[in-house]
Structure formats: C-alpha cells, structure tokens
Amino acid sequence: MKLAKEAAKVILDSSADCHHDGQDKFESFADKIVGTYQKLVPDPAIPKSKKAFDNKKRHLWSKFHSARISELRVLWKEYFQSSALDVKYLEDPLLCEYVNEKLFGMFVKTMYEVNEQQIVVADPTENDLNALRYAAGSE
C-alpha cells in the first residue's frame, strides 16, 4: 500500500511539471488503454432480458480480468519505462489495478448508458404470472 501511494505521488508530480513530450506520452498511454477497453466491449447493445444482460456483464468483466493481467499490465510497464518512472512501482500493482478497474467501470457506464426505454427487467417467474392472474381476477 505504501508503494502504491508513493507511485501515485510520483506520477502526479511528474505530470505536474511535465513538458509537451511527457503529455504526449501520457496521451498515447491513455489512448492505448481506451483501445484495449474498446476491444473488450465490441457490442454495447443492451440485451432485452435480465438473464442475457447478466451473462453479457459476467463475460465482459471476465475479459477485463484477463486483460488486466496481460495487455494492461504491459501498457503500464511501457508507460513507466518511457516516462523514466521507476519500475519498482509496478512491483505493488495496487495503484495500476485500482486505476484500471475505476477507468473500466467508467468506460462501461458510458458504453451502456441506460435511458428510460432501455431498463432491463427480469423475465417474470411462474409465481409472478400467477400473482398477476390472481390480481386480475382470472385463473
């Protein structure tokens, strides 16, 4: 945890006094991260049923967890090396993992923005249908 806090401070300090080249490196890094996320979310269409939505969500997060131990880890390492940041900060991946997860969560929310017409509800169970029939006065 101490190493993650120190890494965050070093990144923030280096970005505060970075010149044009440093900004370009960070923008390139950010573009690569977003590109990786876009590959993980190829179809942002929201399924009609809750079961299909849950399956898609589970599959999406499974792909993210695979990417964060492979592609995303490599991107972070390349960024640290190209920015002359000490790679020792990658030894404790807490900062990178936290940032990856928060950014991916934000990315997914923007890709799956739900409006009033897209609310996903569970398919009614037999008990739900029976309750509706009872309430409607039919059997």
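Modeller: Start with Lys39. Lys39 is exposed, at 58% relative accessible area. Keep in mind that this is a predicted model.

Colleague: Why is Lys39 called exposed?

Modeller: Exposed means over 50% relative accessible area. Lys39 has 58%, so Lys39 is exposed.

Colleague: What makes Lys39 and Glu71 a salt bridge?

Modeller: The cut-off is within 4 Å, from a side-chain nitrogen of Lys or Arg to a carboxyl oxygen of Asp or Glu. The closest N and O atoms of Lys39 and Glu71 are 3.7 Å apart, so the pair counts. The pair links distant parts of the chain: Lys39 is in helix 2 and Glu71 in helix 4, 32 residues apart.

Colleague: Why is Glu71 called partly exposed?

Modeller: Glu71 has a relative accessible area of 35%.

Colleague: What makes Arg68 and Glu101 a salt bridge?

Modeller: The N to O distance is 3.6 Å, which is within 4 Å, so Arg68 and Glu101 count too. Arg68 lies in helix 3 and Glu101 in helix 5, so the pair ties together parts that are 33 residues apart in sequence.

Colleague: Which residues are linked with Arg68 in a network of salt bridges?

Modeller: Glu97 and Glu101 are linked with Arg68 in that network. By the 4 Å rule, the count comes to four salt bridges.

Terms used
Residues are numbered from 1 along each chain as its sequence is written. This is a predicted model: local features need pLDDT of at least 70, side-chain atom pairs count only at pLDDT 80 or more; totals for chains, interfaces and linings use all residues. Side-chain values use heavy atoms; hydrogens and water are left out. Helices (H or I, at least four residues) and strands (E, at least two) are DSSP runs, numbered from the N terminus. Buried means under 20% relative accessible area, exposed over 50%, partly exposed in between (1.4 Å probe, protein chains only).
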